[in-house]
Amino acid sequence: MSMHWYVARRVAWAVIATYLILSITFGLLAVAPGDGQTAFAFKAATQGGDVDEAQETFDEITGRDEPLLTRYKNYMVNMATLNWGWSFTRNQPVLDAIAQAYPYSLMYALPATLISIIAGYAIGLYSATHQYTLTDYFGTFTAFFGISIPNFWFGIMLILVFAVDLGWLPSYYQTGRGVWTVANAKQLILPIIVLSTGAIAGNMRYSRAEALEYVHADFVKTARAKGADDWRVLVRHIFRPALVPLMTILVADILGLLFAGAYITEVVFQIPGLGLLSYKAIIQQDTALVMATTLIPVFIAIIGNLVQDIAYTVLDPRISYGDR
Amino acid sequence: MAADTRSETAATERFEDVDWNDVGGLGFTRRTLALGVSSLAYAVAVLYDVFLTEDALISGTNWLFLLTLLAGVFFVAWPLADNRRLTAYYWRRFKKNRAAVISAIYLLVVFVLGTFGPMLIAKPELNVLAAYQPPVFLSVDSSVPTSCVGQAAEGLCHGTWKYPLGTTSDGKGIARLVVFGMRVSMQVGLITMLIVISIGTVVGTSAAYFSGLVDELLMRYVDIQQTFPTFFLFLIVTYLFKPSLFLLITIFGFLGWGGIARLVRSEALQRREESYIQAAENAGASDGWIIRRHLMPNVSNTVITAATLLIPSFILFEATFAFLGLTDPSTPSWGQVISSGRGDLDSAWWIATIPGVFLFFTVLAFNFVGDALRDALDPRSEGDA
């Protein structure tokens with residue numbers, strides 16, 4: 001099978017997966033007992049409106065009075081044309097709300113990703129080349145710590161120590177402090193630590209296991225015999241072959257980890273990013289916003305998987321296209 | 001003399017003369033018999049609870065937990081007790097890892113306390129007068145609790161043995177909440193694991209054994225299921241339906257087995273080529289028999305290890321959702337207590353801290369045990385040890 005054919009098939013598969021997921025979501029929405037109608041009517045009532053009228057309006061907006069097939073068609077067309085609905089709690093289109101929120105998510109998620117990659121791979125490679133030393137044990141312990149500690153509790157403990165007891169850092173995020181300011185950097189330190197700890201541990205485990213496969217390989221022994229120093233052996237002979245699987249692991253798994261982790265981090269530190277937006281939408285029963293904010297990570301996961309699979313086959317000639 | 005006895009035993013052990021009932025027989029072994037009887041009793045009890053009683057005797061989650069315990073007895077404890085030598089061998093390898101042994105003991109304590117504790121102690125109750133009591137041996141400024149249950153001296157309120165780990169903002173004893181939380185965590189971890197490994201093993205071994213179209217269909221389905229992040233799926237579902245522990249367990253159980261299925265398939269593909277499978281096929285064994293008796297036992301070590309490492313992720317998910325307030329509020333879970341202590345960090349730090357310590361150590365212990373099990377059960381890791 002040629003590579004182009006493989007890539008084409010893989011992309012087609014991603015499209016089918018997206019379609020299936022949208023259909024499942026529609027099915028869930030159709031059978032669910034409560035999808036925000038009550039909350040919408042309640043909001044209307046508190047603003048002095050008529051409850052029955054509000055429920056009718058809601059049915060009209062969401063098209064609940066139409067036959068199922070028409071609704072399905074409308075839903076799919078709306079999804080495809082990025083017409084993702086109106087958030088009634090924020091009185092703005094859902095996509096605008098998301099556009100306002102995501103810079104806040106990026107502000108701490110990007111540094112956290114970079115830190116977790118660099119620190120994770122560095123510790124992992126060091127552990128692999130210095131197996132069974134004290135540093136290796138320390139690294140392994142760190143990895144266990146990182147994967148075991150509950151993100152949200154770690155965040156709360158950091159707030160308790162560094163904000164409440166020591167008073168060095170603010171305990172929650174406040175907007176309006178600029179982007180490139182010291183105050184903003186200070187309030188991002190704890191979220192970045194919380195988010196990167198788990199990811200560092202994950203990266204470390206992968207890179208250690210991956211590098212260990214090459215540490216005792218013949219070509220590494222040859223390089224050593226020919227007098228290559230430790231650094232050269234590490235970078236040129238171990239890191240390079242290990243990089244392919246590591247890069248591909250990174251795309252999908254780290255994305256997933258970051259998204260789920262970001263959700264919690266934002267709730268704990270009150271950062272007004274995508275996670276908190278989604279959380280508030282759930283609490284306030286704002287269906288359109290809930291759907292959009294939960295589907296976006298799902299789509300990103302699909303694209304991440306796609307990129308991972310394609311990158312794998314492009315970068316690693318040993319992989320045959322035949323096996324999926 | 002010696003020759004005589006030998007010929008004598010040889011004579012009594014002629015194939016035709018063997019009393020098969022003595023050696024376990026063609027009928028059922030004691031384990032199969034006991035398994036049959038108890039699953040029958042279980043099924044009858046569940047049916048009785050579903051159809052004949054007004055209120056459920058015990059909740060759906062508890063029924064599932066009972067099933068998990070039964071499975072644990074018949075498929076883990078009993079075989080281990082039958083094969084003493086193998087058990088001793090695994091134990092020798094397992095106990096090399098000191099941290100894992102301590103973790104296993106800790107988990108055993110949590111398991112026993114969590115399973116039987118909630119039957120013996122009363123559910124923690126709301127008591128505004130006893131709010132914000134500090135843990136025993138510790139003290140807090142008298143202005144924090146509404147009234148001090150223990151000794152109050154020099155403007156400090158001391159903790160009492162009545163509430164060994166202090167109380168929450170609504171006066172619930174944290175020690176009791178922790179015990180109830182143990183049950184929730186154990187239920188989530190163990191039941192979900194049972195569902196995941198049952199489906200994952202059946203799908204994985206079937207895909208590997210039948211290959212061809214069956215393999216293609218099953219694995220394509222796994223592909224779809226794996227692309228959907230369970231965390232966000234559960235968010236959507238919990239938003240649209242009434243959240244409960246039962247829902248969480250079923251969602252994570254029935255949608256989380258993809259990884260295990262893939263792992264089992266790749267392992268079973270190798271086993272499939274081995275001569276004992278061909279021998280069984282030639283002897284006329286049915287597909288189901290080969291899968292049950294030859295494939296499954298030979299992939300079980302991989303499954304057990306992977307399952308142990310999956311448990312902590314389920315426990316963490318449950319705690320996370322409880323923390324977000326997206327589970328049934330009447331289920332006393334660790335995540336929920338941590339969440340309730342968030343607002344009182346500056347005055348009552350123990351509310352959020354103590355349940356988190358238990359959560360952290362439980363997850364850590366499962367990870368340690370899983371790691372040690374991999375070293376102990378997986379013959380491929382022998383070279384390293």
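Colleague: Which residues of chain B does the UniProt annotation "transmembrane region" cover?
Modeller: The unreviewed UniProt entry lists 33–51, 63–81, 101–121, 188–210, 302–327 and 347–370 of chain B. Keep in mind that this is a predicted model.

Colleague: What does the chain look like over residues 63–81 of chain B?
Modeller: Residues 63–81 of chain B are 100% helix and 0% strand. The end C-alpha atoms sit 26 Å apart.

Colleague: And how much helix over 302–327 of chain B?
Modeller: That span of chain B is 85% helix, with 0% strand. Its end C-alpha atoms are 32 Å apart.

Colleague: Now chain A. Where does the record put "transmembrane region" there?
Modeller: For chain A, the unreviewed UniProt entry gives 12–32, 106–126, 138–168, 188–206, 242–269 and 289–315. Residues 106–126 of chain A are 100% helix, with end C-alpha atoms 29 Å apart. Residues 188–206 of chain A are also 100% helix, and there the ends lie 27 Å apart.

Colleague: On to confidence. What is the mean pLDDT of chain B?
Modeller: It is 80, and 88% of the residues of chain B reach 70 or more. For the complex, the predictor gives an ipTM of 0.80 and a pTM of 0.82.

Colleague: Where in chain B is confidence lowest?
Modeller: In helix α1 (residues 2–12) of chain B, at a mean of 48. Helix α6 (residues 174–210) of chain B is the highest, at 88.

Colleague: How many contacts beyond four places in sequence does the model have for residues 1–10 of chain B?
Modeller: The model has 0 for them, and pLDDT stays under 50 over that stretch of chain B. Where pLDDT is low, the coordinates should not be read in detail.

Colleague: Which residues have the most contacts inside the largest nonpolar core?
Modeller: W153(A) and M193(B), in a core of 141 residues. α6(B) gives the most to this core, with 20 residues.

Colleague: What is M193(B) in contact with, leaving aside neighbours within four places in sequence?
Modeller: A307(B), L310(B), I311(B) and F314(B). There is also a second, separate core of 6 residues, including L125(A) and I238(A).

Colleague: Change of topic: what are the domains of chain B?
Modeller: The assignment gives domain 1 (59–124 + 177–377) and domain 2 (128–172) of chain B. Their C-alpha centres are 38 Å apart. In the contact, 12 residues of domain 1 of chain B meet 9 residues of domain 2 of chain B.

Colleague: Which element has the largest share of the domain 1 side there?
Modeller: α14(B), with 3 residues. The domain 1 side in chain B divides into 8 nonpolar, 3 polar and 1 charged.

Colleague: And which domains does the assignment give for chain A?
Modeller: Domain 1 (3–94) and domain 2 (98–315) of chain A. Their contact takes 20 residues from domain 1 of chain A and 18 residues from domain 2 of chain A. On the domain 1 side, α1(A) supplies the largest share, 10 residues. The domain 1 side in chain A is made up of 12 nonpolar, 6 polar and 2 charged residues.

Definitions and conventions: Residues are numbered from 1 along each chain as its sequence is written. Chains are lettered from A and ligands numbered from 1 in the order in which they are written. This is a predicted model: local features need pLDDT of at least 70, side-chain atom pairs count only at pLDDT 80 or more; totals for chains, interfaces and linings use all residues. pLDDT is the predictor's confidence in each residue, from 0 to 100. Helices (H or I, at least four residues) and strands (E, at least two) are DSSP runs, numbered from the N terminus. Two residues are in contact if their C-beta atoms, placed from the backbone, lie within 7 Å. Domain bounds come from an automatic or database domain assignment. Ala, Val, Leu, Ile, Met, Phe, Trp, Tyr, Cys and Pro count as nonpolar, Asp, Glu, Lys and Arg as charged, and the others, Gly among them, as polar. UniProt positions are given in the numbering used here, feature names are shortened, and annotations may be inferred rather than shown by experiment. A nonpolar core is a set of buried Ala, Val, Leu, Ile, Met, Phe, Trp, Tyr and Cys residues joined through C-beta atoms within 7 Å. A residue is buried if 20 or more other C-beta atoms lie within 10 Å of its own, exposed if 12 or fewer, and partly exposed in between; C-beta atoms are placed from the backbone.
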